[in-house]
Amino acid sequence: MATLLLFFVFLNLDLLLRTGHCRETRDQILSITPKTQEHVDILRNVSTQYETALWQPVSPQYIKEETQVHLFVPANSSETVKNLLQRHAVTHEVLLANANELIEMQTRNDSTDPRSGSTFYERYHSLEDIYYWINRTAHDNPNTVKVILVGSSYEKRPLYALKLSFNNRTNKKAMWIDCGIHAREWVSPAFCLWFVHYSLSFYNINQDITHILDNMDVYVLPVLNPDGYKYSWTSNRMWRKNRSISKTTSCIGVDLNRNFDANWCTEGASHNPCTEIYCGMFPESEPESQAVANFLRSHKDTVQLYLSIHSYSQMLLFPYSCTLEEAENHRDLLEMAQEAAQKIRRYYRNTYRYGAGAKTIYLAPGGSDDWAYNLGIKYSFTFELQDRGRYGFLLPPSHISGACNEALIAVKTIALKVIEKT
Ligand code: ARG
Ligand code: ZN
């Protein structure tokens with residue numbers, strides 16, 4: 001009798017443990033390819049009604065049949081979401097079983113000293129450390145690097161750009177690179193740091209960067225959206241927008257890459273402050289986009305090349321994204337992007353898609369690239385760096401160097417072409 005009792009106790013214990021195992025304790029990334037319109041509806045519903053973060057596409061409206069959806073599912077909604085999918089026979093694949101571990105990995109060893117060893121540029125850095133790095137870099141390179149305050153954020157953080165200038169030639173042209181317009185795309189600020197470091201280290205060593213810096217000044221804005229970036233470190237790793245507060249709802253943030261004056265808030269953006277693609281109250285309503293726009297307006301006679309760095313999906317995009325029409329110099333832009341993509345393939349065996357934004361991904365009005373293009377900066381690109389979804393926004397630090405080196409080769413290829421053409 002006693003043994004029988006014990007047996008039942010064990011049986012129950014085992015059951016208890018097993019159901020315990022099902023309750024997910026880790027954040028996960030799911031990949032789901034909807035097969036029917038019903039699946040599409042369910043996914044739209046899941047991504048809006050449950051505590052999840054849609055990684056791809058950027059907004060539920062773009063979910064469509066036979067196209068991969070990447071969904072970040074926090075541990076506490078994992079069970080509900082998976083049950084719901086299962087109930088409707090929507091199959092999923094786990095892209096990343098333990099996102100927490102990756103997030104932890106990305107915030108580890110964030111050392112402050114830029115000289116604390118060669119791995120500084122192969123790690124992600126907090127906003128405070130990036131500010132420190134900006135000052136330190138200017139201080140250590142007084143003849144070539146200057147800090148420019150281009151404005152301040154909604155929460156009144158400074159927007160610092162670095163100006164790299166290796167000589168005082170008259171009529172010198174310039175290029176602009178901004179990073180971190182979207183908070184969660186951490187490899188983007190990492191690229192801006194990488195680029196500055198490379199320029200300072202390889203001027204007069206690497207022929208291409210020397211030629212570029214001899215002919216162009218370079219403005220680098222490492223974190224266009226400091227409030228969002230900070231928030232992605234402290235509160236929500238999946239945050240995209242800035243942190244501005246709206247009078248009408250409790251939803252926070254404007255998508256800064258929908259806030260520029262280029263077919264503002266037409267199809268591909270939203271007036272709803274609760275969406276990830278909220279365009280704001282009016283064009284340049286946000287201090288961050290306004291600061292960049294003001295700076296470029298006052299430097300449009302020198303700036304010939306505009307670059308905006310994002311992640312992820314490995315693409316080299318150019319205008320237009322706000323309309324399906326072709327840019328006037330479409331052939332030039334296409335040729336440049338193609339050559340850059342070929343170089344990446346040749347040297348790094350990695351594939352980048354390229355083309356006009358609207359036709360390559362989706363209509364997305366109000367972007368900085370289209371706005372800069374219409375301002376008269378005829379060479380304007382948006383880069384989407386690594387990867388294509390394996391880690392998505394959570395690209396491990398060990399991939400930073402690969403991602404940055406291949407993007408660097410694309411920047412060099414395009415900048416050399418611009419110098420050649422103008
Ligand atoms: N993934 C980027 C975004 O949604 C693409 C930007 C392309 N350019 C643009 N103007 N939409 O913002
Ligand atoms: Zn982005």
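Over residues 123-418 the chain is 37% helix and 18% strand, and the end C-alpha atoms are 31 Å apart. Helices here are DSSP runs of H or I with at least four residues, and strands are runs of E with at least two, numbered from the N terminus. For that stretch, UniProt gives the feature "domain: Peptidase M14", from an unreviewed entry; such annotations may be inferred rather than shown by experiment.

Please note that this is a predicted model, in which local features need pLDDT of at least 70, side-chain atom pairs count only at pLDDT 80 or more, and totals for chains, interfaces and linings use all residues. Residues are numbered from 1 along each chain as its sequence is written, while chains are lettered from A and ligands numbered from 1 in the order in which they are written.

The chain has 13 helices and twelve strands. Its C-alpha trace spans about 95 × 50 × 45 Å along the principal axes.

I turn now to the ligand. Which residues are around ligand 1? They are Val-58, Asn-257, His-310, Leu-317, Ser-321, Gly-357, Ala-364, Gly-367, Asp-369, Asp-370 and Thr-382, where near means a C-beta atom, placed from the backbone, within 6 Å. This shell divides into three nonpolar, six polar and two charged residues. In this scheme Ala, Val, Leu, Ile, Met, Phe, Trp, Tyr, Cys and Pro are nonpolar, Asp, Glu, Lys and Arg are charged, and the others, Gly among them, are polar.
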